[in-house]
Amino acid sequence: RARTRAPPAAAMAVAMQRMTVKATISKPREVKHKETGSPFSVTRTRRSEIARPGEFVPASAAAAAGASAAGAAAPSSEFDDNAFAPGRTTMRPSPKKFLRRGGGWGGKPTAAVAKEVKSASPAAALKPPPRAGATKPRYNPPNTRLRMMYDRGDLPCLIAKTGVRDKLAWSERINDLELTHFLPAFFDGLREEEEPYRFLAQASVSDVLEFGNPDQILGTIPLLIVPIKNALATRRHSVMCTTLKMLQKLIVADVDVAGGGLIGRALVPYYRQLLPVLAIFVNKSKNIGDAIDYSQRKGEDLGDLISDTLQLLETHGGDEALVNIQYLVPTYQSCMPAV
């Protein structure tokens, strides 16, 4: 009988290396949202269960729509479904439920009330009021127009892998694009947190604002308000930082052009849609004392970004900018020199 020889050590090493490479390639990519099958293939969304960005989602809908993902603010299970209903459910009053003499807490100090309740039932001790949760991250559904257009292949740009940093390769000249169709979709993608949509949104908005026609950009201002408002309504730190950086580039997009500065003035009527969220986070800055923040070059301090954005809005917004800013952000102080 022919005996089978054992494979040499070199052949076994090559076989093990191929198996390792195959296992590495077949490793599934991380998907942050349950609504998407894969961030690089078809987007499967269930429209009936996806809420708007920053919208309150009831507990049952939030569990089905994936609001319990990392960073999402899960709504309370004590939400009253009849609070906003046209009718109101009432209970028949009971004659046994009335206030007896000496049974109330009126006029008593808080410490005495807490001591009395704790002595009667330790489990029923007074609890501090719950936090309002104004700065908690809100729901961010993956239903942006940029994602849909990229999955269908409708974007006029591709990601070019060139060296250290990726870039966008445009199939058309930016000045020849119909910005009323593409620029709102690019701004809508600023609230994306998955790749490659996140990079596509940031790179496309930067290229259009830097090399695009300022007159065409000015004509798209009314169409950009809703995407910017939706991105800020998510109240997520990374999304808000990215959106504020692009908003700053939008304000100064036509400053260097003769007769420019009109974009900043065109944003004044929309302050009531953009600034209420900024008023909540205007004081959210790092308090590190006399230490050094080595990551300040990244521009991730939300309080500083909001202050810089408000200063640009006042500088390029005209005479009525300061009054409208202080109406919505009362703590803002003017950066313009007194005349």
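In which loop does Arg 235 lie? Arg 235 lies in the loop between α8 (221-233) and α9. This is a predicted model, in which local features need pLDDT of at least 70 and side-chain atom pairs count only at pLDDT 80 or more, while totals for chains, interfaces and linings use all residues. Residues are numbered from 1 along each chain as its sequence is written, and side-chain values use heavy atoms, with hydrogens and water left out.

**Overall make-up**

- The protein has 13 helices and two strands; these are DSSP runs numbered from the N terminus (helices: H or I, at least four residues; strands: E, at least two).
- Of the 339 residues in the protein, 34% are buried (buried means under 20% relative accessible area, exposed over 50%, partly exposed in between, with a 1.4 Å probe and protein chains only).

**Helix α5**

- In α5 (179-188), eight of the ten residues are buried.
- Among them are Phe 182, Phe 186 and Phe 187, along with Asp 188.
- The buried residues of α5 pack against α4 (145-152), β2 (165-170), α6, α7 (214-219), α8 and α9 (a contact means heavy atoms within 4.5 Å).

**Two loops**

- Pro 196 sits in the loop between α5 and α6, and a cis peptide bond with omega of about 5° joins Glu 195 to Pro 196.
- Arg 235 is not a glycine, yet has a positive phi of about 60°.
- Arg 235 counts as buried because its relative accessibility is 15%.

**The second largest pocket**

- This pocket has a volume of about 360 Å³.
- On a 1 Å grid over the protein atoms alone, a pocket is an open set of points where a 1.4 Å probe fits, with protein on both sides within 12 Å along at least five of seven lines.
- Grid points are joined across faces, edges and corners, and the volume is the space filled by probe spheres set on the points.
- The lining divides into four nonpolar, five polar and seven charged residues (nonpolar: Ala, Val, Leu, Ile, Met, Phe, Trp, Tyr, Cys and Pro; charged: Asp, Glu, Lys and Arg; polar: the others, Gly among them).

**Cysteines**

- The count of disulfides is zero (a disulfide is a pair of cysteine sulfur atoms within 2.5 Å).
- Cys 241 is buried, at 5% relative accessible area, while Cys 335 is partly exposed at 34%.

Key
1 Å grid on protein atoms, 1.4 Å probe; cavity = no way out; pocket = protein on both sides within 12 Å on 5 of 7 lines; lining within 4 Å.
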